[in-house]
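I wanted to go through this one with the viewer open and jot down what I looked up. Sequence and structure first, then my notes.

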Amino acid sequence: MSKPTKTRSVEEINEKIRKGDVQVLTADEMKKLVESSGVEVAFKEVDVVTTGTFGAMCSSGAVVNLGHSDPPIKIEHAWMNDVEVCHPGAAVDLFIGATNMSEKQPFEYGGGHVIQDLVSGKEVELRATAYGTDCYPRTQLKTTLTKDDLNQFYLLNFRNCYQRYNCAVNTSDETIYTYMSKLLPRLRNATFSGAGELNPLMNDPDYETIGMGTRIFLGGGQGYVIGEGTQHSPKNLNGTLMVKGNAKKMSPEFLQGAAFTRYGTSLYVGLGVPIPILNEGLAKKTAIRDSEIITDVVDYSVPRRDRPKLRQVSYKELKSGSITINDKKVRVSSLSSIKMAKKVSQTLKSWIEEGTFFLTSPVERLPLDSVFKPMRQTEEIPFVMSVMHPAVTCTENEEIRAIAERIVTKSVNHIVVVDDAGKLKGIVTSWDVTRAMAEGKKALADIETRNVVTAQPEEPLEIASKRMAQHSISALPVVDIEKKVLGIVTSEDVSKLLGR
Amino acid sequence: MVRLLLRFTEEQVPQPIASQIIIEYKIPMAILSAHINSKGGEILAEIPDEAQEKIIKAFRKRGVTVTVPKLIEVDAEKCFSCGSCVALCPVEAISIDKDSTVQFDKEKCVGSTCSVCVDACPARAIKSVKQNTEQPASNRKKQS
């Protein structure tokens with residue numbers, strides 16, 4: 001008897017697909033098999049593992065070619081269903097960006113919805129303007145189109161399939177709306193994105209089989225990896241893919257326009273990669289579990305590039321529905337659909353079994369060492385910490401008279417009320433004190449504002465300034481995460497620096 | 001238990017209508033949500049089934065608009081079960097089942113007075129339903 005082979009090739013797998021005896025498991029099924037029977041058996045029995053993800057992928061879009069009008073036009077500006085589309089090339093090539101928003105229904109309808117409508121076979125209205133040339137004399141155009149009228153309609157996504165992503169929370173006192181959806185104040189919810197153990201790149205973290213030319217499931221049709229995605233950052237397990245595929249053959253079930261309140265529009269993309277099990281190492285890698293995939297819990301209330309990380313958490317915990325942060329139980333929900341991710345991997349499995357999908361070897365592997373650098377900035381912007389100054393404070397048991405004196409001697413308009421530990425309790429303004437005098441009130445408790453709008457030292461001054469305008473107030477106590485008062489920033493500080 | 005949406009006018013706000021009814025009829029009433037200011041507002045209350053008819057009558061007698069609310073509508077065609085809404089729901093009316101499908105429990109939902117999930121749905125599949133036209137079943141019978 002000959003020794004059992006320790007490797008198999010993509011060609012061998014394709015031959016099996018042709019013969020109809022290929023063994024395909026979804027990532028879900030593979031993990032169970034490895035757990036029950038071990039890596040060796042799994043390698044022997046399984047040729048391909050199908051993965052999948054279905055999430056909002058903002059860096060998505062579609063290239064379309066309209067054909068020429070008569071007389072011809074060299075488009076300068078164009079809109080599809082009132083969504084501005086960009087004209088990156090010659091006369092009638094357009095790019096529909098998923099995040100461009102409708103001018104009539106901003107935040108509700110955008111490029112992602114235009115792509116979904118076109119894929120569904122719906123008619124889309126095109127408007128265009130141009131400056132007119134001798135060869136392209138036309139300056140105005142209005143028509144309706146379906147995907148059948150387009151010469152090319154290719155999905156072209158420059159960053160898809162993030163290997164893993166942050167878990168987002170909000171420690172501030174106000175609800176914030178982000179690309180990680182609605183985040184309630186004071187850690188009342190958390191959101192995360194990504195399919196975890198079902199994610200294509202997580203199942204082949206060394207990119208042994210995924211690279212330029214890898215045929216994939218894309219939006220319900222077949223597509224290709226055309227290289228590393230933008231912001232590809234493999235060293236810290238944040239790999240991404242750039243992909244393209246013929247959108248005319250895709251399905252609206254796997255390409256869905258999305259609207260994130262006060263953030264904008266996007267496109268949910270279904271993407272699945274078949275991982276050929278070429279060796280035992282790949283059998284082992286495709287057995288990765290959610291408990292082994294760790295990500296950061298990030299505080300999105302800090303409007304900075306480097307936001308505070310509150311802890312690390314596994315996808316297993318994230319998918320359990322709740323996590324613990326600072327001893328507090330926080331309910332957590334997914335933004336990407338695990339249900340659809342599974343459907344992607346199952347559909348891809350059935351295509352391979354039916355012999356309608358063949359595997360490819362990449363012509364070039366994804367880089368393993370590229371680094372995602374921050375932007376080079378030549379201008380510094382001011383932050384709250386650069387203008388804040390020490391706050392004049394008082395405690396809750398002080399008399400109004402004493403506070404009035406302090407306002408005069410320190411020549412300030414705001415006195416911050418703190419407890420013995422220096423934590424924020426309230427704020428009193430010179431106006432509050434004046435009115436208290438007029439009305440004969442003596443106790444601080446009668447006049448202090450307890451629901452105080454605050455700022456954090458790391459915030460850009462611009463944002464603090466907007467908050468003051470929003471609440472029609474002229475100062476914000478600056479506090480740390482435990483509400484300890486660090487100082488105060490006033491509208492005067494802002495106008496001195498920003499000149500407004 | 002049955003849920004009633006009680007709508008108060010500006011004139012009714014200062015009157016202790018709900019407490020009078022609770023005392024008079026000796027029924028426990030849970031306030032699930034309340035949005036009231038000097039200009040009027042709404043209370044979503046829960047009462048035992050058997051008290052439904054007399055309590056509705058009592059509120060209506062005092063001029064309060066009473067409806068049995070239909071709370072939210074979920075468009076199953078649009079929902080792709082991402083689950084963004086799940087952790088937002090204050091009454092845990094939304095869950096994810098074994099097949100990773102998002103499920104809405106209309107019994108638990110407190111509806112339009114909450115609506116926290118509505119603007120968090122990226123598929124825009126959740127709508128809060130206005131209650132203006134809804135009438136409780138018992139009342140409809142009498143009118144026909």
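In which sense do strand E2 and E21(A) of chain A pair, and over how many bridges? I found them antiparallel, over three bridges: E2 covers residues 48-50 of chain A. (Strands, E, at least two residues, and helices, H or I, at least four, are DSSP runs numbered from the N terminus; two strands pair if DSSP finds at least two bridges between them.)

Housekeeping: this is a predicted model, with local features needing pLDDT of at least 70, side-chain atom pairs counting only at pLDDT 80 or more, and totals for chains, interfaces and linings using all residues. Residues are numbered from 1 along each chain as its sequence is written, and chains are lettered from A and ligands numbered from 1 in the order in which they are written.

Next I checked the pair itself: A:Val49 sits opposite A:Ile275 of E21(A).

Then the packing. H6(A) touches E1, E2 and E21 of chain A, its direction making about 175 degrees with that of E1(A). Helix H2 (residues 27-45) of chain A lies across E1 and E2 of chain A, at about 100 degrees to E1(A). (Contact here is C-beta atoms, placed from the backbone, within 7 Å; axes are lines fitted to C-alpha atoms, for helices over the stretch in contact, with angles from 0 to 180 degrees between N-to-C directions.)

I also traced the whole sheet: it is open, three strands, ordered E1-E2-E21 (chain A), with mixed pairing. Strand E1 (24-26) and strand E21 (274-276) of chain A each have a single partner strand, so one side of each lacks a neighbour in the sheet.

Last, the chain contact: I noted 24 residues from chain A and 17 residues from chain B.

Conventions:
Two residues are in contact if their C-beta atoms, placed from the backbone, lie within 7 Å.
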